[in-house]
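Subject: Structure handover

Hello,

Here is the structure I promised to pass on. Please open it alongside this message.

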Amino acid sequence: MPHTDVLDLPLVLLSNRGPVTFDRDANGRTVNRGAGGLVSALAGLAEHLDDAVWVCGAATEEDAVVAREAQGSLLVQTHPIPHVVEGEPDGPSIRVRLVVTDPAAYADFYSVWSNPILWFVQHGLYGRSLSPVLTRAEHDAFENGYAAVNRVYADAVVDEVRARGGKALVLLQDYHFYLVAEHVRRQCPDVVLTHFVHIPWPGPDEWRVLPADIRERLLFGLLGSDVVGFHTRRYARNFVLCASELLGLPTDLDALTITVGDRIVRARYYPISVDPAALDATLASEEVAAHVAMLRYIFLDDDRQLILRVDRTDPSKNVVRGFLAFGTLLDQHPELVGKVSFLALLQPSRTDVPEYADYIALIGGVVAEINARHTKEGRQPIDLRMVEDFPLAVAAYSICDVLMVNAIADGMNLVAKEVAVVNRRGGVLALSETAGAHEELGEFAVTLHPFDTQQMADALYEALTMPMEERHRRLAAAAEQVRTHDVARWLNDQLNDLRQIAGI
Ligand code: GDG
């Protein structure tokens, strides 16, 4: 848990998805706690502060109803049973402000600009010869969607800061809100503000894909922060280079600082991580044990081996080339056919975005082709499951021989860190050199080049044939790295920097 004594100021958090969502079932309103390490870490912090509020989007219809009823923020108790608190809470609680936006504006904000445009630019996914094509529609969607929605969220943050006397620590999350910091700073000059970017930050030339006025607004928006946080030093340097080359601002590339008028903005890197205790608890659950038994039976009898991947169906995750590499491995090492399986647990993602829907179809095609080519004695080499099932993922993490992460670009990649903590079989991390996690875990991993299917096939072979002693040595070292650099540390490092800046 973070040391909250670093915070003598009220805290205002902003993210697109919040710590709770409301729904309705036969018995009335239900409250669900958000999943994932980021939500747990930030919720853990907010729960331990006297004065904190989490501003987030109303994600469900019932969220919007709750937001209208509350007319501001509401207090939600998170444990043991999540519920809205009317009087005094008798357990950990978080103040939540759900922001409702116009659906058409939100669609332009989310499904045109955040995903795909910003996501594609920052992960280098545009082919450029034919995409993107930016038309009047995209310009309008920026103005009436991305900028308009950012303004609504910024106003909500300003409201909450003003309700706290105009002085607060403000933590903004991710690529949805690049225009918020500047607006908040203008309205509330006494805030101390960090914007953490969870995805890669490419260099200036990648950003030239966007029109000058738009990329400048995005950059100046972020520069309203005191600190712009990234997962790695490479992304932080790229950000400073962008400020220098695209905005012409004075910068110091060694100190990672940018001068904006009379202010110094710091680019910093804080590698995000996982909550090892929570993962250990999940691994110890009966549900995971049942999955482990089933997976062992299906994939690991007769000295067989298992390659695993767990990803959203996002083009940045490079699932198609991953399977092509596996097909090459089986072509070139026929002795492995029938001896090695590839389990892919994929969570359908952003299916309303055409590029994502197309990508799912491509994945299905390549799997069918490789399975047709290499089925032996009724056993298909690839088991593709489109599922949302975290306990199943943890069970698979614990028993895989190789985890494949071959992303084209990935801010960090938490799956790799989760496997390092949970695996009990000397699992080898096969890790893309362009995933943020490679900076910390690359020396214990087999490195993948995400565009080179031959190299990836060779690397998979190396991982599958690595002596067991070496596999266990590397896994233990990776686990130690993650356990000593957990998500609490990620948050603490940011808070400590903010405390220095605020002089508290
Ligand atoms: C973005 C950045 C960055 C797995 N199966 C299920 C499930 N999971 C969990 C994993 C992991 C998370 O989802 C995925 O996190 P990643 O980091 O791998 O990837 P992104 O979703 O792309 O996350 C990334 C991250 O933000 C944090 O800054 O590391 O680079 O792209 O924790 O265990 N979750 C659920 N059901 C499943 O079946 N709910």
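Below are notes on one strand, one histidine and the cysteines.

Keep in mind that this is a predicted model.

Start with strand S1, residues 11-15. Five of its five residues are buried, so S1 is largely enclosed by the rest of the structure. Both of its faces are covered. Leu11, Leu13 and Ser15 are buried on one side. Val12 and Leu14 are buried on the other.

S1 pairs with two strands that I looked at. Strand S4 covers residues 52-57 and runs parallel to S1, with five bridges joining them.

Next, follow S8 to its loop. S8 spans 169-173, and the loop between it and helix H5 (180-187) holds His176. Is His176 buried or exposed? It counts as buried, because its relative accessibility is 8%, and the cut-off for buried is under 20%. Which residues does His176 touch, leaving aside neighbours within four places in sequence? They are Asn16, Phe109, Tyr110, Ser114, Tyr146 and Asn150.

Last, the cysteines. The whole structure was searched for disulfides, and the count is zero. Take Cys56: the closest cysteine sulfur belongs to Cys188 and is 19 Å away, so a bond is ruled out by distance. A disulfide would need the two sulfur atoms within 2.5 Å. Cys56 is buried, at 0% relative accessibility. Cys400 is buried too, with a relative accessible area of 0%.

Best wishes

Methods. Residues are numbered from 1 along each chain as its sequence is written. This is a predicted model: local features need pLDDT of at least 70, side-chain atom pairs count only at pLDDT 80 or more; totals for chains, interfaces and linings use all residues. Side-chain values use heavy atoms; hydrogens and water are left out. Helices (H or I, at least four residues) and strands (E, at least two) are DSSP runs, numbered from the N terminus. Buried means under 20% relative accessible area, exposed over 50%, partly exposed in between (1.4 Å probe, protein chains only). Contact means heavy atoms within 4.5 Å. Two strands pair if DSSP finds at least two bridges between them.
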